[in-house]
Amino acid sequence: MATTSDREALSGVKEEYQYGFSKPEEYVFKSRRGLDHAVIDQMCDMKNEPDWMREFRHRSLDIFLSKPMPTWGADLSEIDFDNIYYYLRPTEKQGKSWDDIPDSIKDTFDRLGIPEAERNFLAGVGAQYESEVVYHSLQEQWTKLGVIFLDTDSGLREHEDIFKEYFGSVIPPSDNKFAALNSAVWSGGSYVYVPKGVHVDIPLQAYFRINAQNMGQFERTLIIVEEGASVHYVEGCTAPIYASDSLHSAVVEIIVKEGGRCRYTTIQNWSNNVYNLVTKRAIAEAGATMEWIDANLGSKVTMKYPAVYMMGPRAHGEILSIAFAGRDQYLDAGGKVVHGAPNTSSKIISKSISKNGGRASYRGLLKVAKGATGSKSTVVCDALLLDDHSRSDTYPYIEIDEQDVQVGHEASVSKVNEEQLFYLMSRGLGEEEAATMIVSGFIEPMVKELPMEYAVEMNRLIQLQMEGSIG
Amino acid sequence: MTSELVIQDLHVSVSDGEKEVLKGVNLTIRQGEVHALMGPNGSGKSTLSYAIMGHPHYTVTGGDILLDGESILELEPNERARRGLFLAFQYPVAVPGVSMANFLRTAVSNVRGYTDQPAPSNGGGKSGVVGSNLMPMRDFRKELLDKMDEFNVDRSFAKRYLNEGFSGGEKKRAEILQMAMLQPKIAIMDETDSGLDIDALRVVSDGVNKLAGPGLGILLITHYQRILNYVQPDYVHVFYNGRVVISGGAELAHQLESQGYQWVKDEFGEAELVAV
């Protein structure tokens with residue numbers, strides 16, 4: 001049980017949202033609602049982007065407009081594309097030091113605990129406030145090593161050659177309707193480049209935040225890990241509560257070169273009115289390892305299936321996906337692994353939790369291409385239901401075009417066990433505390449993979465989700 | 001004051017049926033006493049232990065359970081634990097992903113009242129379990145390791161998931177360790193399983209002998225007399241057909257060993273006998 005002071009501090013949170021505060025809006029520029037080619041031109045002018053990016057955006061908009069809405073998964077029909085701001089720019093210029101940040105934004109960051117996090121051995125902080133990253137710092141030794149960690153707009157400005165080579169190469173605009181939308185209006189996100197053989201041994205972290213009502217956030221992240229290099233990128237998302245629905249549609253592209261290693265960790269905790277429709281995909285070359293750790297607690301709707309395309313021999317892909325759906329939430333999560341070369345291996349572990357009528361699904365694809373001999377894959381999906389009116393579904397898609405492969409698939413659904421509850425309660429734990437402990441144990445395999453401060457945050461988020469869920 | 005658990009004319013039914021399992025149990029256990037409750041399989045011994053701890057599947061239809069003069073029937077299991085009751089389970093369930101140390105720290109913090117205190121402002125104690133004030137980690141750790149050594153529990157168990165993959169003997173060891181950490185006034189030990197192996201038997205009896213003392217009352221529920229070769233009870237009760245039919249001293253256990261339960265059945269039996 002939480003103590004009295006915790007209860008007071010958290011009063012009113014319950015089914016609402018902990019970070020549901022919002023600051024007065026303070027913008028240098030705000031586009032009009034809705035999207036057409038004129039808005040794109042305006043955006044490109046504001047950002048002073050090269051012609052090829054302008055063309056890319058226009059082409060992407062055409063693709064977006066021509067593609068139908070997906071009819072599978074969650075109901076997206078309530079998204080009103082004409083009622084969204086597609087571009088906001090909160091401050092004039094990019095901040096590198098804390099003193100450059102406007103007080104109102106600083107205050108928001110303070111509440112999210114970013115400076116504190118930085119004190120806690122954070123190496124670099126990239127924080128997205130609205131559409132642009134306004135604060136970015138990176139420890140000096142990495143800059144010396146040639147590691148680049150910028151917001152994506154700066155990445156384009158300062159490193160156009162390499163940017164142009166990889167941008168859109170993993171997820172082309174034609175991939176899906178929301179990837180096309182992001183390609184047309186993207187702003188912010190992170191650009192990470194790790195040179196050959198460099199090991200970034202402290203996680204790179206970015207906080208993202210939406211603040212304006214009805215504003216879509218379309219961040220775009222591009223991570224390039226050169227041969228034999230390694231990096232761990234961590235993203236955590238929070239958003240304040242608003243009366244009308246917000247749209248978040250990000251694209252994350254990752255290239256891991258031969259023998260390289262990349263781990264991308266997400267703790268998604270959007271407020272419960274956000275549509276979170278994200279395309280994440282990595283290409284792993286020979287002997288490379290790509291790991292997605294993807295936890296989804298918030299949002300009204302999430303549709304997100306991080307993918308690893310193993311395109312070189314012995315590449316390895318791993319996806320650890322967690323979805324915790326409460327009242328009025330539909331989280332459709334999972335992962336995709338594509339074996340495109342011999343002796344590649346992959347593992348998907350999915351853990352979904354549903355309560356108070358929430359719905360959490362696993363949707364996954366395992367594909368083994370012709371010629372990917374000796375490939376191995378394991379998929380394990382576990383679902384935990386906290387009550388009788390919540391729902392969990394599993395949609396495993398398997399396409400195997402090669403004989404010589406080993407594939408395993410396991411799925412389980414369980415309810416919070418009355419005997420476990422009684423056992424824990426007989427040792428002095430309150431019912432809610434006991435249930436929380438069982439849920440925390442259920443996702444422990446993932447939490448232990450998180451950096452320490454994120455593990456703590458994750459457990460706190462689980463506790464908040466569990467508040468008031470019993471009785 | 002010496003604590004006492006008084007069970008008065010207790011009638012209990014299984015929740016999802018009309019069937020009465022306990023039919024007027026009377027029993028008093030005081031701190032410092034060791035009671036053995038013996039009876040044939042199916043006589044309701046485990047039901048008694050669950051009912052005392054407040055398992056939701058069992059409904060008290062008559063009588064009362066009093067701890068230090070107050071009825072505990074309306075209390076949740078965790079509130080009973082906080083008043084000083086403990087149940088050592090016959091089959092402790094596994095809780096995957098929850099380490100023994102994390103679980104025990106939370107349990108001890110609840111039972112000893114740490115969770116009633118506001119968390120310190122420096123954020124100490126928020127270790128990933130429910131946002132509550134916990135026993136200071138250093139104190140807890142020292143006590144846990146000391147108790148582990150004392151009760152022959154390998155220190156590696158602190159990091160193992162609660163009861164997951166434990167052997168029968170390891171589960172018993174873990175239950176005894178929990179009991180030692182939670183320091184109850186009255187412990188009910190459900191050892192009705194006839195399949196208890198010799199290792200588990202020794203663990204339980206060693207634990208009882210170490211823990212028994214003026215501060216602890218024990219109700220040891222067992223089917224076989226065997227465990228009583230290792231534990232000397234002050235009182236022996238014969239349980240049959242949902243109630244205590246005879247009470248006496250240790251000599252009663254020896255009578256049961258030499259003569260079995262048949263004479264009990266002959267004397268107190270009804271038509272619906274359950275085979276031994």
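Predicted model: local features only at pLDDT ≥ 70, side-chain atom pairs only at ≥ 80, totals over all residues.
Helices of at least four residues and strands of at least two are DSSP runs, numbered from the N terminus.

View 1. Among the 471 residues of chain A, 54% count as buried. When contacts in chain A with a separation of 6 or more are considered, 83% of them join residues 24 or more positions apart.

**View 2. The largest nonpolar core.** This core has 196 residues, and those that touch the most other members are Val192(A), Ile254(A), Val256(A), Ala284(A) and Leu220(B). Helix H11 of chain A, residues 431-447, supplies the largest share of the core, namely 9 residues. Because domain 1 (4-94 + 184-268) and domain 2 (96-162) of chain B both give residues to this core, it lies between them.

**View 3. The surroundings of Val192(A).** Leaving aside residues up to four places away in sequence, Val192(A) touches Ile148(A), Phe149(A), Leu204(A), Ile223(A), Val231(A) and Tyr233(A).

**View 4. The loop that holds Asp328(A).** Asp328(A) sits between strand S17 (316-325) and strand S18 (330-339) of chain A, and its phi is positive, near 60°, although the residue is not glycine. Most residues other than glycine have a negative phi. Asp328(A) has 14 C-beta neighbours inside 10 Å and therefore counts as partly exposed.

**View 5. The loop that holds Asn356(A).**

Key: Residues numbered from 1 in each chain as written. Chains lettered and ligands numbered in written order. Core = buried A, V, L, I, M, F, W, Y, C linked by C-beta atoms within 7 Å. Buried ≥ 20, exposed ≤ 12 C-beta atoms within 10 Å, placed from the backbone. Domains from an automatic or database assignment. Contact = placed C-beta atoms within 7 Å.
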